Amino acid sequence: LAEKWRLGDFRVKREDLTHPWYGGCKVRTLEYFLGHARAQGAKGIVTMGPHGSHQAVSLAIFGRLHGFQTRVVLAPRLATPEIDHNGRMLPLYGMETLRCGSFVAVPLALIR
């Protein structure tokens with residue numbers, strides 16, 4: 001591609017190699033969130049997303065790895081094997097989950 005596009009150099013970022021346990025752009029962004037939480041003296045972190053969220057899985061894994069209590073507020077989503085697999089991973093990493101009936105219910109659930 002570098003030759004075709006007349007570039008002197010061409011590099012590919014491999015998000016799947018971010019970490020041996022779990023990769024992708026969600027992991028890369030957690031570096032900043034977890035660092036900020038640690039600097040603020042936080043003991044836990046809460047996120048939200050649809051059932052099967054990769055954000056929730058990555059926070060469950062890396063939040064626990066760095067000593068944080070993690071929680072997620074989950075909104076409904078159509079089930080697929082990948083989504084169901086992701087949902088089953090959360091308690092394995094000690095993440096507390098709260099399911100909502102709709103996205104509209106998420107703000108109230110976060111307050112609770």
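Predicted model: local features only at pLDDT ≥ 70, side-chain atom pairs only at ≥ 80, totals over all residues.
**Helix α2**

I started with α2, residues 54–65, and checked its length. At 1.5 Å a residue, its twelve residues should span 16 Å, and I got 16 Å between the end C-alpha atoms, so the two agree.

Next I looked up how covered α2 is. Nine of its twelve residues are buried. I listed them as Gln-55, Ala-56, Val-57, Ser-58, Leu-59, Ala-60, Ile-61, Phe-62 and Gly-63. What sits over them? The cover includes α1 (25–39), β1 (44–50), β2 (69–75) and α3 (81–92).

Then I went to the two ends. At the start of α2, a side-chain oxygen of Ser-53 comes to within 3.1 Å of the backbone nitrogen of Gln-55. After the helix comes Gly-67, with a positive phi near 85°.

**Asn-86**

I picked Asn-86 out of helix α3. Is Asn-86 buried or exposed? Its relative accessible area is 4%, and the cut-off for buried is under 20%, so Asn-86 is buried.

I then asked what its side chain reaches. The backbone oxygen of Gly-52 is at 2.9 Å, and there is a polar contact with the side chain of His-54 at 3.4 Å. Leaving out residues up to four places away in sequence, I found Asn-86 touching Gly-52, Ser-53, His-54 and Val-57. Ser-53 is also the residue with the side-chain oxygen at the start of α2, and Val-57 is on my list of buried α2 residues.

**Nonpolar cores**

I looked up the largest nonpolar core, which has 18 residues; Leu-34, Phe-62, Leu-90 and Met-95 touch the most other members. The elements giving two or more residues to this core are α1, α2, β2 and α3. Which element gives the largest share? That is α2, with six residues.

Setting aside residues up to four places away in sequence, Leu-34 touches Ile-45, Leu-59, Phe-62, Gly-63, His-66 and Phe-68.

**Helix α1**

Same length check here: the 15 residues of α1 should span 21 Å at 1.5 Å a residue, and the end C-alpha atoms are 22 Å apart, which agrees. I did find a bend of about 25° at Glu-31.

In α1, I noted Val-27, Leu-30, Leu-34 and Ala-37 as buried. My reminder on spacing: an α-helix has 3.6 residues a turn, so residues three or four places apart point the same way. The buried residues of α1 pack against β1 and α2. Just after the helix, Gly-41 takes a positive phi of about 80°.

**Salt bridges**

How many salt bridges does a search of the whole structure find? I got three.

I took Arg-11 with Asp-9 to begin with, where the closest N and O atoms are 3.0 Å apart. Arg-11 is exposed at 71% relative accessible area, while Asp-9 is partly exposed at 47%.

Arg-14 and Asp-16 meet at 2.5 Å, N to O. I have Arg-14 as partly exposed at 46%, and Asp-16 as partly exposed at 46% too.

Glu-96 pairs with Arg-71, with the closest N and O atoms 2.9 Å apart. Glu-96 is in strand β3 (residues 96–99) and Arg-71 in strand β2, so this bridge ties together parts that are 25 residues apart in sequence. Glu-96 is partly exposed at 42%, and Arg-71 is partly exposed at 35%.

Definitions and conventions. Residues numbered from 1 in each chain as written. Heavy atoms only, no water. Helix = DSSP H or I, 4+ residues; strand = E, 2+ residues; numbered from the N terminus. Expected span 1.5 Å × (residues − 1). Buried < 20%, exposed > 50% of the residue type's maximum accessible area, 1.4 Å probe, protein only. Contact = heavy atoms within 4.5 Å. Polar contact = N/O pair within 3.5 Å; in protein donor to acceptor, adjacent residues only side chain to side chain. Core = buried A, V, L, I, M, F, W, Y, C linked by side-chain atoms within 4.5 Å. Bend = angle between axes of the 7 residues up to and from the residue. Salt bridge = Lys/Arg side-chain N within 4 Å of Asp/Glu carboxyl O.
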